[in-house]
Amino acid sequence: SLFGVDMFAMIAVIAVLAILMLLAFEYAVRGRSAGGSAAGAGLGTALLVAVVTVVAFDLGMGGWMLLLHFGGYMPPVTSVSFLFLMQVGIVLGFITGYPAVALLLRRGTKVPT
(Lines give C-alpha, C1' and ligand atoms only; values in the text may rest on other atoms or scores of the structure.)
Protein backbone atom coordinates (compact mmCIF):
# COMPACT_ATOMS: atom_id res chain seq x y z
CA SER A 1 0.00 0.00 0.00
CA LEU A 2 1.00 3.63 -0.49
CA PHE A 3 0.28 6.11 2.30
CA GLY A 4 -1.70 3.38 4.08
CA VAL A 5 -4.23 3.04 1.25
CA ASP A 6 -4.20 0.00 -1.07
CA MET A 7 -6.03 1.95 -3.78
CA PHE A 8 -3.02 4.26 -4.29
CA ALA A 9 -0.72 1.28 -4.86
CA MET A 10 -3.12 -0.25 -7.38
CA ILE A 11 -3.40 3.03 -9.31
CA ALA A 12 0.40 3.46 -9.29
CA VAL A 13 1.08 -0.08 -10.56
CA ILE A 14 -1.51 0.25 -13.33
CA ALA A 15 -0.11 3.67 -14.31
CA VAL A 16 3.45 2.33 -14.56
CA LEU A 17 2.32 -0.63 -16.68
CA ALA A 18 0.24 1.67 -18.92
CA ILE A 19 3.18 4.06 -19.36
CA LEU A 20 5.51 1.20 -20.33
CA MET A 21 3.05 -0.22 -22.86
CA LEU A 22 2.24 3.19 -24.35
CA LEU A 23 5.95 4.03 -24.48
CA ALA A 24 6.63 0.90 -26.52
CA PHE A 25 3.72 1.72 -28.84
CA GLU A 26 4.69 5.38 -29.31
CA TYR A 27 8.33 4.46 -29.89
CA ALA A 28 7.36 1.89 -32.52
CA VAL A 29 4.98 4.32 -34.27
CA ARG A 30 7.61 7.08 -34.26
CA GLY A 31 10.16 4.68 -35.74
CA ARG A 32 7.80 3.64 -38.49
CA SER A 33 6.89 7.24 -39.32
CA ALA A 34 10.59 8.18 -39.38
CA GLY A 35 11.23 5.89 -42.32
CA GLY A 36 11.40 2.54 -40.57
CA SER A 37 14.37 3.35 -38.36
CA ALA A 38 13.46 3.41 -34.69
CA ALA A 39 17.01 4.40 -33.72
CA GLY A 40 16.46 8.12 -34.24
CA ALA A 41 12.80 8.11 -33.32
CA GLY A 42 13.12 9.96 -30.04
CA LEU A 43 12.72 7.83 -26.95
CA GLY A 44 12.41 10.95 -24.81
CA THR A 45 9.52 12.30 -26.85
CA ALA A 46 7.76 8.92 -26.79
CA LEU A 47 8.21 8.83 -23.00
CA LEU A 48 6.81 12.36 -22.67
CA VAL A 49 3.73 11.43 -24.71
CA ALA A 50 3.20 8.24 -22.68
CA VAL A 51 3.52 9.97 -19.31
CA VAL A 52 1.33 12.96 -20.20
CA THR A 53 -1.36 10.74 -21.70
CA VAL A 54 -1.49 8.29 -18.80
CA VAL A 55 -1.43 11.01 -16.14
CA ALA A 56 -4.24 12.89 -17.90
CA PHE A 57 -6.32 9.70 -18.17
CA ASP A 58 -5.64 8.82 -14.54
CA LEU A 59 -6.94 12.19 -13.39
CA GLY A 60 -10.37 11.08 -14.53
CA MET A 61 -10.27 7.33 -13.93
CA GLY A 62 -8.15 7.38 -10.77
CA GLY A 63 -9.98 10.37 -9.39
CA TRP A 64 -13.28 8.59 -9.89
CA MET A 65 -11.97 5.46 -8.17
CA LEU A 66 -10.63 7.48 -5.23
CA LEU A 67 -13.91 9.36 -4.94
CA LEU A 68 -15.79 6.06 -4.77
CA HIS A 69 -13.28 4.57 -2.36
CA PHE A 70 -13.14 7.43 0.12
CA GLY A 71 -16.84 8.18 -0.22
CA GLY A 72 -17.70 4.63 0.78
CA TYR A 73 -19.43 3.89 -2.52
CA MET A 74 -16.96 1.35 -3.94
CA PRO A 75 -18.80 -1.96 -4.38
CA PRO A 76 -16.98 -5.30 -4.21
CA VAL A 77 -15.25 -6.33 -7.44
CA THR A 78 -17.62 -9.29 -7.79
CA SER A 79 -20.61 -6.95 -8.09
CA VAL A 80 -22.11 -5.95 -11.43
CA SER A 81 -22.31 -2.37 -10.18
CA PHE A 82 -18.50 -2.39 -9.90
CA LEU A 83 -18.23 -3.04 -13.65
CA PHE A 84 -20.67 -0.24 -14.39
CA LEU A 85 -18.85 2.23 -12.14
CA MET A 86 -15.51 1.35 -13.75
CA GLN A 87 -17.03 2.07 -17.17
CA VAL A 88 -18.03 5.50 -15.85
CA GLY A 89 -14.41 5.92 -14.74
CA ILE A 90 -13.11 5.00 -18.18
CA VAL A 91 -15.38 7.60 -19.79
CA LEU A 92 -14.15 10.20 -17.29
CA GLY A 93 -10.56 9.17 -18.10
CA PHE A 94 -11.19 9.72 -21.80
CA ILE A 95 -12.74 13.10 -21.05
CA THR A 96 -9.67 14.21 -19.06
CA GLY A 97 -7.18 12.58 -21.44
CA TYR A 98 -8.59 13.92 -24.71
CA PRO A 99 -7.45 17.55 -24.23
CA ALA A 100 -3.92 16.40 -23.36
CA VAL A 101 -3.65 14.23 -26.48
CA ALA A 102 -5.16 16.99 -28.62
CA LEU A 103 -2.56 19.43 -27.28
CA LEU A 104 0.27 16.97 -28.00
CA LEU A 105 -1.04 16.52 -31.56
CA ARG A 106 -1.36 20.29 -32.14
CA ARG A 107 2.19 20.89 -30.95
CA GLY A 108 3.49 18.10 -33.19
CA THR A 109 4.82 16.14 -30.22
CA LYS A 110 2.57 13.14 -30.85
CA VAL A 111 2.46 11.37 -34.18
CA PRO A 112 -1.09 10.67 -35.39
CA THR A 113 -1.79 6.94 -35.42
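A residue counts as buried when its relative accessible area is under 20%, as exposed when this is over 50%, and as partly exposed in between (1.4 Å probe, protein chains only). By this criterion, 33% of the 113 residues in the protein are buried.

The model is predicted: local features need pLDDT of at least 70, side-chain atom pairs count only at pLDDT 80 or more, and totals for chains, interfaces and linings use all residues. Residues are numbered from 1 along each chain as its sequence is written, and side-chain values use heavy atoms, with hydrogens and water left out.

The protein contains three helices and zero strands, in the order α-α-α along the sequence. Helices (H or I, at least four residues) and strands (E, at least two) are DSSP runs, numbered from the N terminus. Two of the helices are listed with a residue that lies in each.

| Helix | Residues | Residue in the helix |
|---|---|---|
| H1 | 6–33 | Val13 |
| H2 | 43–71 | Thr53 |

Thr53 counts as buried because its relative accessibility is 18%. Leaving aside residues up to four places away in sequence, Thr53 touches Leu22, Val101 and Leu104, where contact means heavy atoms within 4.5 Å. Of the contacts in the protein with a separation of 6 or more, 63% are between residues 24 or more positions apart.

The accessible surface of the protein is about 7,100 Å², and 75% of this belongs to carbon and sulfur atoms. Accessible areas come from the Shrake-Rupley method with a 1.4 Å probe; for residues, only the protein chains shown count as cover.
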